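Look at the chain as a whole before turning to any single residue.

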Amino acid sequence: GVFCSGGGTHVTHVTMLNDTALSGTLPSFIGLMSSLVHLRFSNTALRGTIPTEIGKLTALVALQLNGNQISGTVPTQLSGVPLNTLILARNRMHGAVPLFP
(Lines give C-alpha, C1' and ligand atoms only; values in the text may rest on other atoms or scores of the structure.)
Protein backbone atom coordinates (compact mmCIF):
# COMPACT_ATOMS: atom_id res chain seq x y z
CA GLY A 1 0.00 0.00 0.00
CA VAL A 2 0.85 3.67 -0.13
CA PHE A 3 0.71 5.94 2.90
CA CYS A 4 0.79 9.72 2.81
CA SER A 5 1.25 12.64 5.19
CA GLY A 6 0.74 16.37 4.89
CA GLY A 7 -2.94 16.04 4.11
CA GLY A 8 -2.24 13.36 1.52
CA THR A 9 0.27 15.40 -0.45
CA HIS A 10 3.50 13.62 0.55
CA VAL A 11 4.08 9.88 0.06
CA THR A 12 5.92 8.52 3.09
CA HIS A 13 5.57 4.72 2.80
CA VAL A 14 5.31 2.40 -0.22
CA THR A 15 4.88 -1.33 0.48
CA MET A 16 4.23 -4.17 -1.96
CA LEU A 17 4.62 -7.73 -0.71
CA ASN A 18 4.45 -11.12 -2.41
CA ASP A 19 2.99 -9.74 -5.64
CA THR A 20 4.66 -11.44 -8.57
CA ALA A 21 2.31 -9.59 -10.93
CA LEU A 22 4.18 -6.40 -10.03
CA SER A 23 7.02 -6.18 -12.52
CA GLY A 24 9.22 -3.59 -14.14
CA THR A 25 12.01 -1.42 -12.81
CA LEU A 26 12.39 1.24 -10.13
CA PRO A 27 12.06 4.51 -12.05
CA SER A 28 14.65 7.27 -11.73
CA PHE A 29 11.92 9.70 -10.62
CA ILE A 30 11.88 7.81 -7.30
CA GLY A 31 14.45 10.44 -6.29
CA LEU A 32 11.70 13.09 -6.42
CA MET A 33 9.77 11.45 -3.56
CA SER A 34 11.59 13.54 -0.95
CA SER A 35 9.22 12.61 1.92
CA LEU A 36 9.64 8.86 1.44
CA VAL A 37 10.59 7.19 4.72
CA HIS A 38 10.02 3.49 3.95
CA LEU A 39 10.27 1.75 0.57
CA ARG A 40 9.50 -1.96 0.51
CA PHE A 41 9.06 -4.16 -2.55
CA SER A 42 9.55 -7.70 -1.25
CA ASN A 43 9.04 -10.86 -3.31
CA THR A 44 7.80 -9.10 -6.42
CA ALA A 45 9.15 -9.30 -9.98
CA LEU A 46 11.15 -6.06 -10.00
CA ARG A 47 14.20 -6.20 -12.25
CA GLY A 48 16.92 -3.88 -13.48
CA THR A 49 19.16 -1.83 -11.25
CA ILE A 50 18.61 0.46 -8.27
CA PRO A 51 18.61 3.97 -9.75
CA THR A 52 21.32 6.35 -8.49
CA GLU A 53 18.58 8.93 -7.82
CA ILE A 54 17.63 6.92 -4.74
CA GLY A 55 20.49 8.79 -3.08
CA LYS A 56 18.30 11.92 -3.07
CA LEU A 57 15.87 10.37 -0.57
CA THR A 58 17.18 12.15 2.51
CA ALA A 59 14.24 11.02 4.71
CA LEU A 60 14.51 7.31 3.81
CA VAL A 61 15.26 5.10 6.82
CA ALA A 62 14.18 1.69 5.47
CA LEU A 63 14.85 0.16 2.07
CA GLN A 64 13.72 -3.42 1.55
CA LEU A 65 13.97 -4.83 -1.96
CA ASN A 66 14.48 -8.50 -1.11
CA GLY A 67 13.28 -11.39 -3.23
CA ASN A 68 13.27 -9.70 -6.63
CA GLN A 69 15.35 -9.87 -9.81
CA ILE A 70 17.34 -6.68 -9.21
CA SER A 71 20.84 -6.75 -10.67
CA GLY A 72 23.96 -4.61 -10.64
CA THR A 73 25.57 -2.98 -7.63
CA VAL A 74 24.29 -0.93 -4.71
CA PRO A 75 24.62 2.72 -5.82
CA THR A 76 27.30 4.61 -3.91
CA GLN A 77 24.82 7.52 -3.66
CA LEU A 78 22.92 5.44 -1.11
CA SER A 79 25.68 6.11 1.43
CA GLY A 80 24.24 9.61 1.97
CA VAL A 81 20.81 8.27 2.95
CA PRO A 82 20.06 7.88 6.71
CA LEU A 83 19.08 4.20 6.45
CA ASN A 84 18.71 2.06 9.54
CA THR A 85 17.31 -0.90 7.55
CA LEU A 86 18.71 -2.17 4.25
CA ILE A 87 17.55 -5.57 3.00
CA LEU A 88 18.57 -6.63 -0.51
CA ALA A 89 18.78 -10.43 -0.12
CA ARG A 90 17.67 -12.85 -2.84
CA ASN A 91 18.42 -10.65 -5.86
CA ARG A 92 21.03 -10.82 -8.61
CA MET A 93 23.24 -8.08 -7.22
CA HIS A 94 27.01 -8.12 -6.84
CA GLY A 95 29.75 -5.98 -5.36
CA ALA A 96 30.19 -4.24 -2.05
CA VAL A 97 27.64 -2.27 -0.07
CA PRO A 98 28.77 1.34 0.38
CA LEU A 99 29.77 2.53 3.83
CA PHE A 100 27.12 4.44 5.74
CA PRO A 101 27.91 7.30 8.11
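In this predicted model, 39% of the 101 residues of the protein chain count as buried. A residue is called buried here when its relative accessible area is under 20%. The accessible surface of the protein chain comes to about 5400 Å². Carbon and sulfur atoms hold 57% of that surface.

What kinds of secondary structure make up the protein chain? It has nine strands and zero helices. Followed along the sequence, the pattern reads β-β-β-β-β-β-β-β-β. The radius of gyration of the protein chain is 13 Å, close to the 13 Å that the globule rule gives for 101 residues, so the chain is as compact as a globular protein of that length. Taken along the principal axes, the box filled by the C-alpha atoms is roughly 40 × 35 × 20 Å.

Contacts tell how parts of the sequence meet in the fold. Among contacts in the protein chain with a separation of 6 or more, 38% are between residues 24 or more positions apart.

H38 lies in strand β4, which covers residues 38–42. Which residues does H38 touch, leaving aside those up to four places away in sequence? They are T12, H13 and V14, together with L60, A62 and Q64. With Q64, there is also a polar contact: the side chains of H38 and Q64 are joined by one of 3.0 Å. For a polar contact, the N or O atoms must be within 3.5 Å.

Methods:
Residues are numbered from 1 along each chain as its sequence is written. This is a predicted model: local features need pLDDT of at least 70, side-chain atom pairs count only at pLDDT 80 or more; totals for chains, interfaces and linings use all residues. Side-chain values use heavy atoms; hydrogens and water are left out. Helices (H or I, at least four residues) and strands (E, at least two) are DSSP runs, numbered from the N terminus. A polar contact is a pair of N or O atoms within 3.5 Å; within protein, one must be able to donate a hydrogen and the other to accept it, and residues adjacent in sequence count only if both atoms are side-chain atoms. Contact means heavy atoms within 4.5 Å. The radius of gyration is taken over C-alpha atoms; the globule rule is 2.2 Å times the number of residues to the power 0.38. Buried means under 20% relative accessible area, exposed over 50%, partly exposed in between (1.4 Å probe, protein chains only). Accessible areas come from the Shrake-Rupley method with a 1.4 Å probe; for residues, only the protein chains shown count as cover.
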